Amino acid sequence: MPYTRGGAVDRADVGALVQSAVEGDAAAWKALVEGLSPLVWSVVRAHRLSDADAHEVYQTVWFRFAQHLGRLREPDKAGSWLASTARHESLKVIKSLKRLTPTDDPQLLDRVSEDRTPEQSVLDSEEAAAETERIRCMWQEFEALGDRCRQLLRVLMASPPPAYQEVSAALGIAVGSIGPLRQRCLRRLRARIDARGAL
């Protein structure tokens, strides 16, 4: 597919992709969805919705995008439009719930293969438990950061990383403030982890 590079949409081609999708090019639409879905998911996850609500918001965002595809004033900024819409739809869900629902902690325990020796199984189990504990501690320190830091870092974890204009649209933070705020948040997280001595 000429529109993508390494499985990710080239942000410089977004405007052309939107125009092609408006004209009925299914490959262009597919490239937009595949390339910009990580951005949409990162914004939705930053709002800590339940899995069901997150999937609902994700579907709604792409439905609204399809509805407005031919009316976008700046097609090259489709990523910002999607990020802003994801934020708006997430906040609507939060408002309707009147509370935030925390996401589940990741569980990274590997299943032990049946053909391993009992000794190897014990060693693997201990290593997996230690790794899970390190991850749990890291997420505890992450959750102890302020809301602004948590939201920003969750959005910036998207792959491929979103453009700062998209982050700005998603979180309502001035573009020039994103870099310095990111550095402060990462320093705080590192300081908390170092103080804990868990990782």
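Is Glu141 buried or exposed? Select Glu141: its relative accessibility is 8%, so Glu141 counts as buried. Buried means under 20% relative accessible area, exposed means over 50%, and partly exposed lies in between, using a 1.4 Å probe and protein chains only.

Before going on, note that this is a predicted model, in which local features need pLDDT of at least 70, side-chain atom pairs count only at pLDDT 80 or more, and totals for chains, interfaces and linings use all residues. Residues are numbered from 1 along each chain as its sequence is written, and side-chain values use heavy atoms, with hydrogens and water left out.

**Stop 1: salt bridges**

Helices here are DSSP runs (H or I, at least four residues), numbered from the N terminus. Arg192 has 36% relative accessibility and counts as partly exposed.

A salt bridge is a side-chain nitrogen of Lys or Arg within 4 Å of a carboxyl oxygen of Asp or Glu. By this rule the count is 10 salt bridges.

Next, select Arg48 and Glu143, whose side chains meet in a salt bridge at 3.2 Å, N to O. Arg48 sits in the loop between α2 (26-46) and α3 (51-68), while Glu143 belongs to helix α5 (residues 118-144), and the two are 95 residues apart. Arg48 is buried at 16% relative accessibility, and Glu143 is partly exposed at 26%.

Now move to Arg190 and Asp194. The closest N and O atoms of this salt bridge are 3.1 Å apart. Both residues are in helix α8, 4 residues apart, which means about one helical turn separates them. Then select Arg48, Glu143, Asp147, Arg150 and Arg154 together: salt bridges that share partners join them into one network.

**Stop 2**

Two packed helices are described by the angle between their axes and the distance between the axes. Axes are lines fitted to C-alpha atoms, for helices over the stretch in contact, and angles run from 0 to 180 degrees between N-to-C directions.

Select α7 (residues 164-171) and α8 (residues 175-196). At what angle do their axes cross? The angle is roughly 90 degrees, and the axes come within 9 Å. The two helices are therefore roughly perpendicular (65 to 115 degrees). Tyr164, Gln165, Val167 and Ser168 in α7 meet Val175, Ile178, Gly179 and Arg182 in α8; contact means heavy atoms within 4.5 Å.

On the α6 side, show Arg148, Cys149, Leu152, Leu153 and Leu156; they meet Ile178, Leu181, Arg182, Cys185, Leu186 and Arg188 in α8.

**Stop 3: the nonpolar core**

A nonpolar core is a set of buried Ala, Val, Leu, Ile, Met, Phe, Trp, Tyr and Cys residues joined through side-chain atoms within 4.5 Å. The largest one has 48 residues, of which Val18, Leu32, Val40, Trp62, Phe65 and Leu152 touch the most other members. Helix α2 gives the most to this core, with 11 residues.

Finish on Val40. Leaving aside neighbours within four places in sequence, Val40 is in contact with Tyr58, Val61, Trp62, Leu82 and Ala86.

How values were computed. Angles under 35 degrees count as roughly parallel, over 145 as roughly antiparallel, 65 to 115 as roughly perpendicular and the rest as oblique.
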